[in-house]
Amino acid sequence: MKILIADKFGEDLPDKLAKYGEVVSEDMSQLKDADVLLVRSKTRPDKEFIDSAPNLKLIIRGGVGIDNIDTAYCKEKGILVHNTPSASAIAVAELVMAQMLTIQRRIVEAHNSTNAGQWEKKQLKGAEIYQKTLGLIGIGRIATEVAVRAKAFGMDIISYDPYVKTHDIARMTTLEEVLKSSDFISLHIPFTEETKDLINKETLSLMKSNVVILNTARGKVINEQDLADALKAGTIRYAAIDVYQKEPPEGSPLIGLDNILVTPHIGASTGENLQRIGQLVEKLVGELSRGELS
């Protein structure tokens, strides 16, 4: 069995997988002979890509979503597709909390001004997340981990998810109430035709003027131009964005605004998460080798 690691995973993963066959890291010239392909968000196995790998039996996406993979064509070709949805929940949830705290306490501004020799102690008055309303759009694994942490900070947590009726922490409600009532709105939904541009001019108009929008899910669930317009007009106070319509976000209207916190899709980028992903990848490859994977 030849295992091709196309994107960055944990440094020890090749050694862990060596017992199942030959492991090749980031050498796409080996694609034509690969039985197993490991990808994250960078590599996009589309039809042409898949046709270049006639021996391929399994694609593993190290992460939550599989929208970067042509799953329909994989099914047609008899290629199994799996991901590691449970691995990234803690890492992404911690980033969401960091986003909220960074914005409320004006940490970036405080660092930059102090580092520049200024002392803006009085000017940099912040705010708390305590007793603020956090609206979660989508309430899967990651959003649940966010809810656990937000509850510990004393936040009021509401959520909209058309596929979930009740939740142990979040009060389930309508999308309209989440949009109208939340001080923070955090997106935790996959990219589908149903969720494309869910945050747009119309939905933005329903939100509080002091709302903060957080997106660590998928870039295409936000209409970037509509959000940029709202941020410039001040009808939306702030946004924290880790994912974009196009990555890297060259030409994105969100880049360069004063009231936005932007990061380069680092939600799942922790050493601990890569270890968890590696453990799940090893389990899946082992099951494939034993004929147990479906």
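Modeller: Bearing in mind that this is a predicted model, I would begin with a pair of helices, where helix 4 passes helix 6 in a right-handed crossing.

Colleague: How close do the axes of helix 4 and helix 6 come, and at what angle do they cross?

Modeller: The two axes, that of helix 4 (residues 89-104) and that of helix 6 (residues 141-152), come within 8 Å, and the crossing is at roughly 50°. Angles between 35 and 65 degrees count as oblique, and helix 4 and helix 6 are therefore oblique to each other.

Colleague: Which residues in helix 4 and helix 6 meet?

Modeller: On the helix 4 side they are Ala-89, Ile-90, Val-92, Ala-93, Glu-94, Val-96 and Met-97, and in helix 6 they meet Arg-141, Ile-142, Glu-145, Val-146, Arg-149 and Ala-150. Sorted by class, this contact of helix 4 with helix 6 has nine nonpolar and four charged residues, with no polar ones.

Colleague: Moving on to sheets, what is the order in the open sheet of five strands?

Modeller: That order is 2-1-3-4-5, and the pairing is parallel. Strand 2 (22-25) and strand 5 (80-83) each have a single partner strand, so one side of each is left without a neighbour in the sheet. From one strand to the next, the twist averages 15°.

Colleague: How many bridges are there between strand 4 and strand 5?

Modeller: Strand 4 (residues 58-61) pairs with strand 5 over four bridges in the parallel sense, and Ile-60 has His-82 in strand 5 as its bridge partner.

Colleague: And which strands does helix 10 lie across?

Modeller: Helix 10 (residues 271-289) lies across strand 1 (2-5), strand 3 (36-39), strand 4 and strand 5, and its direction is at about 170° to strand 4.

Colleague: What about the sheet of seven strands, in what order do they come?

Modeller: The seven strands form an open sheet with parallel pairing, in the order 8-7-6-9-10-11-12. Its edge strands, strand 8 (171-172) and strand 12 (260-262), each pair on one side only.

Colleague: Are the residues on the two faces of strand 9 buried or exposed?

Modeller: Both faces of strand 9 (residues 184-187) are covered, with Phe-184 and Ser-186 buried on one side, and Ile-185 and Leu-187 buried on the other.

Colleague: Which residues are the bridge partners of Leu-187?

Modeller: Toward strand 6, Leu-187 is the bridge partner of Ile-137, and strand 6 pairs with strand 9 in the parallel sense over four bridges. Toward strand 10, the bridge partner of Leu-187 is Asn-215, and strand 9 and strand 10 likewise pair in the parallel sense over four bridges.

Colleague: Going on from strand 10, how many bridges join strand 10 to strand 11?

Modeller: Four bridges join strand 10 (residues 212-215) to strand 11 (residues 238-241), and these two strands run parallel. Val-212 stands opposite Tyr-238 in strand 11. Helix 9 (residues 224-233) packs on this sheet, where it touches strand 10, strand 11 and strand 12, and its direction makes about 145° with that of strand 11.

Colleague: Last topic, where is Glu-120?

Modeller: Glu-120 sits in the loop between helix 5 (107-115) and strand 6 (133-137), and Glu-120 is partly exposed, with a relative accessible area of 24%.

Colleague: How many residues lie between Glu-120 and Arg-237 in sequence, and how far apart are they in space?

Modeller: Glu-120 and Arg-237 are 117 residues apart in sequence, and from C-alpha to C-alpha they are 21 Å apart in space.

Conventions:
Residues numbered from 1 in each chain as written. Predicted model: local features only at pLDDT ≥ 70, side-chain atom pairs only at ≥ 80, totals over all residues. Heavy atoms only, no water. Axes fitted to C-alpha atoms, helices over the stretch in contact; angles between N-to-C directions. Parallel < 35°, antiparallel > 145°, perpendicular 65-115°, else oblique. Left-handed = near helix turned anticlockwise from the far one by under 90°. Contact = heavy atoms within 4.5 Å. Nonpolar A, V, L, I, M, F, W, Y, C, P; charged D, E, K, R; others polar. Pairing = 2+ DSSP bridges. Buried < 20%, exposed > 50% of the residue type's maximum accessible area, 1.4 Å probe, protein only.
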